[in-house]
Amino acid sequence: MDNTENVLSSPDWLLSGVNSEREAFIFSNVQRGSLDAMAFHDGRTPLRHKGNSVTVDFEDALNWQRGNTRPDFPLQLINHTAFCGSTLLSRMLATAPEVACYREPQVLVELADLKACGHSLSLQPGVWDEIVHFTLQQFTQHWEGQSTTVLKPSNWANTLLSDITPRIPVRVVLLTCDVEDYLLAHLRGGRERISYSLRLLNQMALCSDSLQSRIDALEKHHPNGLPNILHLLALNLQAQQELLTRHNQVNEWDTMELTKHALLNQPVTSIMHTASVLGLETNWYSSTRLKEITRVDAKEDSRSGFSASEESLQNAWLSREYDSEIHAACDWFYQSTLL
């Protein structure tokens, strides 16, 4: 078994979770090739190589961090709402062999949950800041033959953005989407997708009294049925956009905004702009390879096919079927944004 020093300093030991009862980090032994093939690094696909995992107490990890003389590497982030092309962007960036992309690591989701429920650790500012800082820095470690990393947190972890310490240099690509596209994506995905987003809205409300008041007001005017669901989903998108924009402005991070439409229709230009903002080399990116990736489902390990035209046909049918409900939610979204 590797010693603690090696676990904390080697990228092939991925920080994959926390044990809040033991106050310990969980690390999984991984291989770079396996990580690259996975759509997400949140455990949907098993992370461990040969079943190996180890735990390291928070105290030991933070003591190691305090004594570590390695300078903090810049944190290159893909911050995003849902269904906006962020997974596609991360997989396009990872076509460059010197770039490793971490997609929605589970440890950030678990830390966001601890913060939302008011866990005692999150109520100790000094300790909590160190835990978040240690976690983020784990995703900047370089693999052999690779010069940089990009981190795409889950949108479930967006509430952690306020805990990023000023001493970390941060560069950000921000992705969001049009409210109608957002609602249509949920109608395409059905109950499971809708359920996730409504749970996300409730999780964000645990960190914001004003958001809870907005939820209560919507549910008073739209107590049940599809109009209720679509208005709450529109509020979910609005709350995510406000959260991301606020943190980018407050921290004055180097930021660019991008959309899924641009990724699909101008993949080469989009990647060149993204790479410039994130400080990545661009000479490795192949226009042929980038266009190929836009034709597969970025959310699947299997690289199953994706057709933008088929998605457009589904959207057109849903728009006709639920025209009045969708437009009512969109109108509310734009009117309330202007208030």
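1. Let me start with the contact of H7 with H8, where Tyr182, Ala185, His186, Arg188 and Gly189 of H7 meet Arg191, Glu192, Arg193, Ile194 and Ser197 of H8. Contact here means heavy atoms within 4.5 Å. These residues divide into 3 nonpolar, 3 polar and 4 charged.

2. A word on the ground rules. This is a predicted model, in which local features need pLDDT of at least 70 and side-chain atom pairs count only at pLDDT 80 or more, while totals for chains, interfaces and linings use all residues. Residues are numbered from 1 along each chain as its sequence is written, and side-chain values use heavy atoms, with hydrogens and water left out. Helices (H or I, at least four residues) and strands (E, at least two) are DSSP runs, numbered from the N terminus.

3. How do H7 and H8 cross? The axes of H7 (residues 179-189) and H8 (residues 191-205) come within 5 Å, and the crossing is at roughly 130 degrees. That makes H7 oblique to H8. Axes are lines fitted to C-alpha atoms, for helices over the stretch in contact, and angles run from 0 to 180 degrees between N-to-C directions. Angles under 35 degrees count as roughly parallel, over 145 as roughly antiparallel, 65 to 115 as roughly perpendicular and the rest as oblique.

4. Helices H5 (residues 106-116) and H6 (residues 125-138) have axes 11 Å apart and pack at an angle of about 165 degrees. The two are therefore roughly antiparallel to each other. On the H5 side, the contact is made by Val107, Leu108, Leu111, Leu114 and Lys115, and on the H6 side by Trp128, Ile131, Thr135 and Leu136. Those residues divide into 7 nonpolar, 1 polar and 1 charged.

5. Next, the open sheet: 3 strands in the order E1-E2-E3, with antiparallel pairing. Strands E1 (13-19) and E3 (53-57) stand at the edges with a single partner strand each, so one side of each is left without a neighbour in the sheet. From one strand to the next, the twist averages 30 degrees. E2 (residues 24-29) pairs with E3 over 5 bridges, and Ile26 stands opposite Thr55 in E3. Two strands pair if DSSP finds at least two bridges between them. H6 packs on this sheet, touching E1 and E2, and its direction makes about 10 degrees with that of E2.

6. Strand E6 (residues 148-152) is worth a look too. Buried means under 20% relative accessible area, exposed over 50%, and partly exposed in between (1.4 Å probe, protein chains only). In E6, 5 of the 5 residues are buried, so the strand is largely enclosed by the rest of the structure. Thr148, Val150 and Lys152 point one way, and Thr149 and Leu151 the other way. E6 is joined to E5 (residues 99-103) by 5 bridges, and the two run parallel. Arg103 stands opposite Lys152.

7. Finally, which residues other than glycine have a positive phi? Phe83 has one of about 55 degrees, and Glu104 has one near 55 degrees. Phe83 is found in the loop between E4 (75-80) and H4 (86-93), whereas Glu104 is in the loop between E5 and H5. Glu104 is buried, with a relative accessible area of 11%.

Notes: Ala, Val, Leu, Ile, Met, Phe, Trp, Tyr, Cys and Pro count as nonpolar, Asp, Glu, Lys and Arg as charged, and the others, Gly among them, as polar.
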